[in-house]
Amino acid sequence: MANPAGGDDRKQEQLERWRVGPEGAALTTDQGIGVDDTDNSLAAGERGPTLMDDFHLREKITHFDHERIPERVVHARGAGAYGHFRLHESLAEYTTAEFLCDTSLTTPVFVRFSTVAGSRGSADTVRDVRGFATKFYTGQGNFDLVGNNMPVFFIQDGIKFPDFVHAVKPEPPNEIPQASSAHDTLWDFVQLQPETMHMMMWLMSDRALPRSYAMMQGFGVHTFRLVNAEGRGTFVKFHWKPKLGTHSLAWDETQKIAGKDPDFNRRDLWDRIDDGDFPEYEFGVQLVPAEDEHRFGFDLLDPTKIIPEEEVPVRPVGTMVLDRNPDNFFAETEQVAFHIANVVPGIDFTNDPLLQARLFSYLDTQLIRLGGPNFPQIPVNRPVADVRNHHRDGYHQMAIHQGQASYHKNTLSGGCPMVGGEGSFTHFQERVDGNKIRKRSESFADHYSQATLFWNSMSEWEKGHIVGAFRFELGKCEHKEIREGVVRHLNHVDHDLAVQVAEGVGVRPPEAPVTANHGRVSPALSQDNAPTDSIQGRKVAVLVADGADSSAVAAVGEALTEAGAVCEVLAAQDGFVQAENGAQIEVTRAMPTVASVLYDAVVVPGGEASVRTLAQDGDAVHFVAEAFVHCKAIGALDAGIGLLERAGITEVEFADGGTVADSGVVTGEGRGGGFTTELIRAIAAHRHWTRKKDHVPA
Ligand code: HDD
């Protein structure tokens, strides 16, 4: 069976067996018995009691009563999609994992993106880490890369995970706040556990507010190990880089979206795939030869550290395209079960103590969440590789195992299934020697220098956003001594940062730096360096009223759509507006049902009457002003420029004959002078973060 992006479809063929459509079918009970009435219970007389005989009623209600399963203890809120992974460059020198060696192979995948702290029904756009979990259905079995959109973690040892999660989740007395790190228990944990500092820098950065799952990096976080045919190990870190670049929302915007469209990221993923605008990611590896294990100034086993890309470049070796939405959220996205221990021959673990605890946790959690040991048989979890073993029975067993012997060794089933077949997994042989101790390695002791590296690598606008985030989040912390404790740690990261945060949260700024800032930078960490060459999937609002210039609406819409954007025409009401020339312009959405925060850019075409009406409409004026404040590209043609003036966007300095402003506001007359080219460039820039905007109220 072909898939939209071409290539291997073993997984979809397998799933086809389990898909159940409603078409042309009569309603039955779970026993396949036809149902004559599902609206009225069987009762003794019209006003009489319901009868036990009504097996359909009992079955219907019972099934409903049992519909819910426990949500994930973390990463409860998520969205998933199927896709394909293609290898471009063989890693056969380093690993025996076939899907990383054979460039002719296409590997089906399922990816689930998630937030961490919020409940299943929480908003998408909260400040949080995003999960980026990928299940590769390889011919050698499932490989799960269960990563995040940040390359480090809050803690170094998995034994602290329950403590950390308890601290970040809503507080026990009242379950407040939902999906937010802006509360006392989280900051209390942070101030007492300085290993969190590097990750807190990422969490307070714009990385925690992704514009789209298609514009988000992914990281395996831990150092893993590739193992080649000779048994030689090479340390590896896994990376996903989005083709569209890594881009984020504005903080104020995320909070408004959480109300206007809590499903913002989930919807965006769904719509992109539905529209054939498939999210694409480059798969890369950082490889470190075993003999170089100790050449870094940090421990490769410490998950609070990155290997800077400038030190070990990320080698791009493959591409993943997400090209199919699930059919059923519960069956697929909710029931998918990732497990970091799902590795294939040629990929192995290291002694990272966070990774080691995860090896236990993921299988364990699925047992309670999915109700027993047979969850790998749930369609989305099934490998495309053959499964043969002596595991038997248990809740929801789907396989009908034949034969007398369910043990190894046996003669009765001809010794089958046999161990040690071709391509079976052999653990990497690593010599270990030590006393049983509870002690963190000294090599894990530096908690600040990479937090400083992150801070140093930020552009000025990114630094501004980080300071703003600390002020907001820490400012919500009621206990002053906790705020002071956090500021003390920030002073180890960077003195300026600590002073700026202290001033915002009402604690005495530290007088002097604890240590001098080392001054090192890693440009790859800054989103200011993300690619900005595409408007693929960008959402653009075109504001109109009666009297709009229909040819301008059509021309702008055509040009933007051609370049890959999604254009929506907004007016006060749904339906049509009457254009200047008497033609009808179809309205995509009524303005009151949307908001500027749901778009990447806004365009105001000309037409005197249209702009006069829009200028009297508070929704329209606010729309433009808010888009301006959120640093979005704004285009206005002819009379449309008047709406910008009405919104207070008057202090923009226009360059080049008054057509283009360097702050992403593009104006033009008669659509000439490269208006659409400039507009496309302004939208591709994502946001104009350095725009002067404080004079505009929104
Ligand atoms: Fe975890 C889910 C990522 C540390 C225990 N984790 C979960 C998911 C992602 C991550 C993306 C959601 C998977 C899905 O969509 O179903 N977790 C990470 C990363 C970590 C990390 C990148 C650090 C590098 N996790 C971590 C630790 C532990 C766990 C240290 C426990 C010791 N994580 C879990 C879990 C979850 C989970 C409780 C909840 C639901 C699930 O597993 O299936 O087992």
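Leaving aside neighbours within four places in sequence, with which residues is Asn148 in contact? In this predicted model, the contacts of Asn148 are Val129, Arg130, Gly131, Phe132, Phe219 and Val221. Asn148 is found in strand 4, which covers residues 141-148. With 24 other C-beta atoms within 10 Å, Asn148 is buried.

## Annotated active site

An unreviewed UniProt entry places the feature "active site" at His75 and Asn148. These positions span 74 residues in sequence, yet no two of their C-alpha atoms are more than 10.5 Å apart, so they gather at one spot.

His75 is found in the loop between helix 2 and strand 1. When residues up to four places away in sequence are not counted, His75 touches Ser114, Val116 and Gly131. Gly131 is also one of the contacts of Asn148. The backbone of His75 deserves a remark as well: its phi is positive, about 60°, although His75 is not a glycine.

## Annotated binding site

For "binding site", the unreviewed UniProt entry lists Arg72, Arg112, Phe161, Arg358, Tyr362 and Arg369. Arg72 is found in the loop between helix 2 (55-65) and strand 1 (78-87), and His75 is found in the loop between these elements too. Arg72 is buried, as 21 other C-beta atoms lie within 10 Å.

Is Phe161 buried or partly exposed? Phe161 is partly exposed, because it has 18 other C-beta atoms within 10 Å, where 20 or more would be required for a buried residue. Phe161 is placed in helix 3, residues 161-168. Its contacts, not counting residues up to four places away in sequence, are Ile155 and Ala357.

| Residue | Other C-beta atoms within 10 Å | Class |
|---|---|---|
| Arg72 | 21 | buried |
| Asn148 | 24 | buried |
| Phe161 | 18 | partly exposed |
| Asp393 | 10 | exposed |

## Shell around the ligand

Which residues come nearest to the ligand? Of the 26 residues around the ligand, these are Arg72, His75, Arg112, Gly131 and Val221. Two or more residues of the shell are given by each of strand 2 (106-115), strand 3 (130-138), strand 4 and helix 9. Helix 9 supplies the largest share, 6 residues. By residue class, the shell divides into 13 nonpolar, 10 polar and 3 charged residues.

The shell can be read together with the annotations. Arg72 and Arg112 are listed by UniProt under "binding site", and both are among the residues that come nearest to the ligand. His75 belongs to the annotated "active site" and is likewise among those nearest residues. Gly131 and Val221, also in that group, are both in contact with Asn148.

## Domains and nonpolar cores

The protein chain is divided into domain 1 (78-381), domain 2 (458-529) and domain 3 (539-684). Between domain 2 and domain 3, the C-alpha centres lie 38 Å apart.

The largest nonpolar core holds 114 residues, of which Val109, Met199, Met201 and Val501 touch the most other members. Helix 5 (residues 197-203) contributes the largest share of this core, 6 residues. At least three residues of the core come from each of domain 1 and domain 2. Leaving aside neighbours within four places in sequence, Met201 is in contact with Ala451, Phe454, Trp455 and Ile466. Another core, of 54 residues, lies apart from the largest one and includes Cys567, Ala625, Val629 and Ala636.

## Backbone geometry

Most residues other than glycine have a negative phi, and most peptide bonds are trans. The loop between helix 9 (353-370) and helix 10 (449-457) contains Lys409, and a cis peptide bond joins His408 and Lys409, with omega about 0°. Pro417 lies in the loop between helix 9 and helix 10 as well; a cis peptide bond joins Cys416 and Pro417, with omega about -10°.

Asp393 is also found in the loop between helix 9 and helix 10. Its phi is near 65°, a positive value in a residue other than glycine.

Conventions
Residues are numbered from 1 along each chain as its sequence is written. This is a predicted model: local features need pLDDT of at least 70, side-chain atom pairs count only at pLDDT 80 or more; totals for chains, interfaces and linings use all residues. Domain bounds come from an automatic or database domain assignment. UniProt positions are given in the numbering used here, feature names are shortened, and annotations may be inferred rather than shown by experiment. Helices (H or I, at least four residues) and strands (E, at least two) are DSSP runs, numbered from the N terminus. A residue is buried if 20 or more other C-beta atoms lie within 10 Å of its own, exposed if 12 or fewer, and partly exposed in between; C-beta atoms are placed from the backbone. Two residues are in contact if their C-beta atoms, placed from the backbone, lie within 7 Å. A nonpolar core is a set of buried Ala, Val, Leu, Ile, Met, Phe, Trp, Tyr and Cys residues joined through C-beta atoms within 7 Å. A residue is near a molecule or strand if its C-beta atom, placed from the backbone, lies within 6 Å of it. Ala, Val, Leu, Ile, Met, Phe, Trp, Tyr, Cys and Pro count as nonpolar, Asp, Glu, Lys and Arg as charged, and the others, Gly among them, as polar.
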